[in-house]
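Here is a friendly walk through one model, with an eye on its charged pairs and its helix packing. Please have the viewer open as you read.

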Amino acid sequence: MKLTRISEIRRQELRQVAYEVLQTEGMAGATIEKVAQRAGASKGIVHHYFKSKQQLFEHAMRHSNALLRDEVIRRMRLARSPEQRLWAIIDGNFSADFFTRPMCHAWLSLCAEVPREPQLARIQRVVHSRMRSNLLTALQSLVAREQRENVALGITSLIDGLWLQMGLRPHGLSAADALTQMADYLSHRIPNVAWSECLQRPETAA
């Protein structure tokens with residue numbers, strides 16, 4: 001059995017705390033001091049593991065993306081048909097654990113830093129590349145080859161737009177409403193599937 005070093009455990013803890021601070025403070029308000037205070041550690045300890053605020057929150061972004069990736073993968077493994085695999089990707093992006101106003105605010109603040117932070121830009125490219133690959137694979141049996149890129153882009157754009165709405169609306173946006181919008185889009189692009197039935201299933205397990 002492989003043992004995890006204490007130093008790596010501590011780094012994981014600090015990444016988790018930084019992720020939590022981002023949700024409440026945003027990138028502008030998040031500081032090393034706030035992470036240290038929330039973690040019950042000194043500022044020096046945080047700097048021991050992460051050289052700068054940018055590096056720490058880069059790792060926090062990696063952490064949040066890994067959690068979302070794992071959620072999507074878990075749902076895809078339950079899928080038993082092409083349409084269920086496609087819906088698993090979409091449904092995972094609106095999981096109750098992630099599609100919250102604090103999480104959307106953290107995502108918006110990180111996206112705002114992408115033009116100035118090459119590492120964050122690289123992470124975003126990896127995330128979008130993974131999303132595109134998953135969608136194109138799921139769409140193989142659902143739409144003609146020449147339509148797949150456009151449909152995948154439409155799905156990605158709508159997901160991003162609904163996350164933006166969640167973060168900007170005074171009272172947010174429910175996951176159910178977001179998924180209804182996704183089903184409506186799919187019903188126009190892939191009309192031979194009863195997407196409304198996906199809304200009635202608990203995750204992809206049904």
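Where is the place of Ser-95? Ser-95 sits in the loop between α5 and α6 (101–113); helices here are DSSP runs of H or I with at least four residues, strands are E runs of at least two, and both are numbered from the N terminus. With 3% relative accessibility, Ser-95 counts as buried. Buried stands for under 20% relative accessible area, exposed for over 50%, and partly exposed for what lies in between, using a 1.4 Å probe and protein chains only. Apart from its neighbours within four places in sequence, Ser-95 is in contact with Glu-71 and Arg-75, where contact means heavy atoms within 4.5 Å.

A word on the ground rules. This is a predicted model, in which local features need pLDDT of at least 70 and side-chain atom pairs count only at pLDDT 80 or more, while totals for chains, interfaces and linings use all residues. Residues are numbered from 1 along each chain as its sequence is written, and side-chain values use heavy atoms, with hydrogens and water left out.

**Salt bridges**

Side chains of opposite charge can pair when their charged atoms come close. How many salt bridges does a search of the whole structure find? The search gives 12, a salt bridge being a side-chain nitrogen of Lys or Arg within 4 Å of a carboxyl oxygen of Asp or Glu. The table shows some of them.

| Pair | N to O distance |
|---|---|
| Lys-34 and Glu-25 | 3.2 Å |
| Glu-33 and Lys-43 | 2.8 Å |
| Glu-58 and Arg-62 | 3.0 Å |

The salt bridge of Glu-33 with Lys-43 links distant parts of the chain, since Glu-33 belongs to helix α2 (residues 32–39) and Lys-43 to helix α3 (residues 43–49), 10 residues apart. Glu-33 is partly exposed at 42% relative accessible area, and Lys-43 is partly exposed at 39%. In the pair of Lys-34 and Glu-25, Lys-34 is partly exposed at 32% and Glu-25 is partly exposed at 37%.

The pair of Glu-58 and Arg-62 lies within helix α4 (residues 53–78), and because the two are four residues apart, about one helical turn separates them. An α-helix has 3.6 residues a turn, so residues three or four places apart point the same way. Is Glu-58 buried or exposed? Glu-58 is buried, with a relative accessible area of 10%, whereas Arg-62 is partly exposed at 32%.

Glu-71, Arg-74, Arg-75 and Asp-91 also join in a network of salt bridges.

Two packed helices are described by the angle between their axes and the distance between the axes. Axes are lines fitted to C-alpha atoms, for helices over the stretch in contact, and angles run from 0 to 180 degrees between N-to-C directions.

α4 and helix α5 (residues 82–92) pack at about 155 degrees, with axes 8 Å apart. This makes α4 roughly antiparallel to α5; angles over 145 degrees count as roughly antiparallel, under 35 as roughly parallel, 65 to 115 as roughly perpendicular and the rest as oblique. On the α4 side, the contact is made by Leu-68, Glu-71, Val-72, Arg-75, Met-76 and Leu-78, and on the α5 side by Gln-84, Arg-85, Ala-88, Ile-89, Asp-91 and Gly-92.

Against helix α7 (residues 118–139), α4 packs at an angle of about 10 degrees, with axes 10 Å apart. α4 and α7 are therefore roughly parallel to each other. Glu-58 and Arg-62 are among the α4 residues of this contact, which meet α7 residues including Gln-119, Ile-123 and Arg-130.

**Burial in α5, and two positions in α7**

Eight of the 11 residues of α5 are buried, which leaves this helix mostly covered. Among them are Trp-87, Ile-90 and Asp-91. The buried residues of α5 pack against α4, α7, α8 (145–168), α9 (175–189) and α10 (195–199).

Ser-129 lies in helix α7 and is partly exposed at 45% relative accessibility. From Ser-129 to Glu-58 the separation is 71 residues in sequence and 18 Å in space, C-alpha to C-alpha. Val-126 is also placed in helix α7, and Val-126 is partly exposed at 44%.
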